[in-house]
Amino acid sequence: MLLKRYNKIDIETRLYIKMLLLMGPSQFIYAYIISYMYPDVEIKKLFPWIFLFLFPLVSIYLFFNYKKPYVQKKGSDFIMIPLFVFGFYNSYQAFETNFHIDYLLASFITIFGGILLINRHKQLIIYSCSYFLYYAIMFYVFPYTIETRTSIFLALIVIISFSFVIQNAFITYRKEQI
């Protein structure tokens with residue numbers, strides 16, 4: 001019965017469901033592997049537990065409510081909001097750990113993956129600009145050298161611009177197909 005229900009869901013919502021189901025446990029395992037490998041790096045212990053349950057709960061909600069018009073119309077909002085929270089948590093953790101490479105990479109991967117999962121132009125612009133603003137504010141709050149700021153901003157610009165070009169072309173292609 002669940003398999004029949006799953007097969008009736010459109011391909012985009014199926015992708016969201018799979019991604020959210022995988023993100024919760026994988027992020028939880030990643031956080032604890034990092035804390036085991038680097039005991040000197042302080043992580044917030046509560047947030048991996050929150051994300052462990054948040055992502056699958058959103059996925060289950062999408063699975064059981066896929067026929068509702070607001071879910072079909074705003075399906076990408078259901079993935080954008082948890083990705084926002086998760087991405088900002090990873091970015092904050094990178095700032096807190098003085099840009100420990102593992103958290104910085106996790107933050108950039110979340111930004112890149114989030115942009116590739118978003119399917120509307122307006123959301124794409126909001127998502128990208130919010131990360132630029134967030135990093136600008138955090139660089140203002142945390143005192144870092146100009147070399148650190150420049151290298152991280154350049155990496156962020158490259159990640160966002162390439163993923164923006166890829167996703168923009170995909171959105172345009174998909175609109176032409178419809």
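This is a predicted model: local features need pLDDT of at least 70, side-chain atom pairs count only at pLDDT 80 or more; totals for chains, interfaces and linings use all residues.
Close-up 1. The residues in question are Gln27, Tyr30, Ala31, Phe86, Tyr89, Asn90 and Tyr103.

**Close-up 2. The largest cavity and the helices that line it.** The volume is about 30 Å³. A search of the whole structure gives one cavity of 30 Å³ or more. Helix H2 (11-37) supplies at least two residues of the lining, and so does helix H5 (75-96).

**Close-up 3. Helix H7, residues 121-141.** The helix has 21 residues. From its first C-alpha to its last it reaches 30 Å, close to the 30 Å expected at 1.5 Å a residue.

**Close-up 4. The buried side of H7.** Gln123, Leu124, Tyr127, Ser128, Ser130, Tyr131, Tyr134, Tyr135, Met138 and Phe139 are buried. They lie on the same side of H7 because they cover an arc of only 160° around the axis. An α-helix has 3.6 residues a turn, so residues three or four places apart point the same way.

**Close-up 5. The opposite face of H7.** Turned away from the buried side, this face carries Lys122, Leu133, Ile137 and Tyr140. These four residues are exposed.

**Close-up 6. Confidence along the protein chain.** The mean pLDDT of the chain is 77. Of its residues, 88% reach 70 or more. Among the elements, helix H1 (residues 2-8) has the lowest mean pLDDT, 56. Helix H3 (residues 46-64) has the highest, 83.

Notes:
Residues are numbered from 1 along each chain as its sequence is written. Side-chain values use heavy atoms; hydrogens and water are left out. On a 1 Å grid over the protein atoms alone, a cavity is a set of points where a 1.4 Å probe fits but cannot get out, and a pocket is an open set with protein on both sides within 12 Å along at least five of seven lines; lining residues have an atom within 4 Å of a point. Grid points are joined across faces, edges and corners, and a volume is the space filled by probe spheres set on the points. The expected span of a helix is 1.5 Å times one less than its number of residues. Buried means under 20% relative accessible area, exposed over 50%, partly exposed in between (1.4 Å probe, protein chains only). The arc is that of the directions from the helix axis to the C-beta atoms. pLDDT is the predictor's confidence in each residue, from 0 to 100.
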